[in-house]
Amino acid sequence: MSGRQDQPHPAHGGHRHLRGHDHNHKSDNTRDHDEHRPGPVGAIRHLVRSHRHDPAAAIDTAAATREGMRALAVGLGVLGLTAALQAVVVAVSGSVALLADTIHNVSDALTAVPLALAFWLGRRAPNRHYTYGYGRAEDLAGVFVVAMIALSAAVAAWEAIGRLVDPQEMARPGWVAVAGTIGFAGNELVAGYRIRAGRRIGSAALVADGHHARTDGLGSLAVVAASVGAVAGWPLADPVVGLVISVAILNVLRHAARDVYLRLMDRVDPALVESVEHELGDAPGVEAVDRVRVRWIGHELHADAEVALDPGLGLAGAHDILEGARHRLLHRIPRLGDILLHANPAGHADAHDRTAHHRLPAAGGGG
């Protein structure tokens, strides 16, 4: 027994919860993940810390999509300006290393394009071919971003090894240091913004893209170190620091790949499941909560649950209780796009005996 999100029931006066509904769903269980510090200190903390929390912000789907698109657009603008400033210094200094870093920053900034396309696709309504909609396009874009981070690590290592074999003298290292600093600052600004926005709206792909910007910033930092080494008369500073940066990028890759992998595997924070169970258990007419399953599709939550109701209820009465419980969850569970509810008769342990051998084992406490 369930209600479709896009089909109003006559008994409720046509009241609808559309995809991307305009209600401001809030929950006391929502945690603000914006306390992460921006800037170089924040960058170092992000490189060495593991972040194993599930984002859930009290904003609706349409607002989340707009915020995600805004984060991509602002990031693309900042990175475009950063690359333009670096290109000016390239023209003045003639630095090959800085030219490579500038081209690298421009090409990697364009990873925002497939992610923006995924956000756009995610807004399309479900149809007979894609009955759950297009939200998974966002997770696939996250896989692409992770691949680009891996490529960045490989390219950085390759260039560093090449310069170890054939050291090159750097022209106007002071200007190169300025441009590298600009590159690091621009990328770190974008990285912090995208990671915070991604966690706020529940987008693993946007968080991964933020980590990608961070890898570009580390590449620019290597250019700064190379220029300092050139001033100090140590030409091998560039490749040595480049190898160190490659290792740091691998650590960033580990975090980004983990986040995207867990999203594709439908992992959620157990506290989120407990929140759904709690809200269902407190819904009027619900005697017990038998099972709850929750998954992310893009930056939207989908759930299904089985609840025990009074076996003496008629069809209309049971439907009214389920619709009330569903309405309660849509208001109280942040980022919840839809929930399918099934009614079991309370006190009947054998209610599913005929299909018990088809059912998956009950959820446990594994990670």
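Predicted model: local features only at pLDDT ≥ 70, side-chain atom pairs only at ≥ 80, totals over all residues.
Contact, as I use the word today, means heavy atoms within 4.5 Å, and helices (H or I, at least four residues) and strands (E, at least two) are DSSP runs, numbered from the N terminus. Residues are numbered from 1 along each chain as its sequence is written, and side-chain values use heavy atoms, with hydrogens and water left out.

Let me begin with the helices. H6, residues 173-201, packs with H7, residues 204-231, at an angle of about 165°, the axes being 7 Å apart; here axes are lines fitted to C-alpha atoms, for helices over the stretch in contact, and angles run from 0 to 180 degrees between N-to-C directions. That angle makes H6 roughly antiparallel to H7, on a scale where under 35 degrees counts as roughly parallel, over 145 as roughly antiparallel, 65 to 115 as roughly perpendicular and the rest as oblique. The crossing of H6 and H7 is left-handed, a term that applies if the near helix is turned anticlockwise from the far one by less than a right angle, with right-handed used if clockwise.

H7 also packs with H8, residues 237-264, at an angle of about 175° and with the axes 9 Å apart, and H7 and H8 are therefore roughly antiparallel to each other. On the H7 side the contact includes Ala204, His211 and Gly229, and on the H8 side it includes Ala237, Asp259 and Arg263. By class, the residues of this contact of H7 with H8 divide into 15 nonpolar, 5 polar and 3 charged, where Ala, Val, Leu, Ile, Met, Phe, Trp, Tyr, Cys and Pro count as nonpolar, Asp, Glu, Lys and Arg as charged, and the others, Gly among them, as polar.

The crossing of H9 and H10 is right-handed, and in it Val276, Glu279 and Leu280 of H9 meet Ala325, Arg328, Leu329 and Arg332 of H10. The residues of that contact comprise 4 nonpolar, no polar and 3 charged.

Now to the sheet. Three strands form an open sheet in the order S1-S2-S3, with mixed pairing, and two strands are said to pair if DSSP finds at least two bridges between them. S1 and S3 stand at the edges, each with a single partner strand, so one side of each is left without a neighbour in the sheet. Strand S1, residues 288-297, runs antiparallel to S2 and is joined to S2 by 9 bridges, with alanine 288 opposite alanine 308 of S2. S1 and S2 form a hairpin with 2 residues between them, and glycine 298 in the turn has a positive phi of about 65°.

Alanine 308 stands opposite asparagine 344 in S3, and valine 307 has alanine 343 of S3 as its bridge partner. H10 packs on the sheet, touching S2 and S3, and its direction makes about 150° with that of S3.
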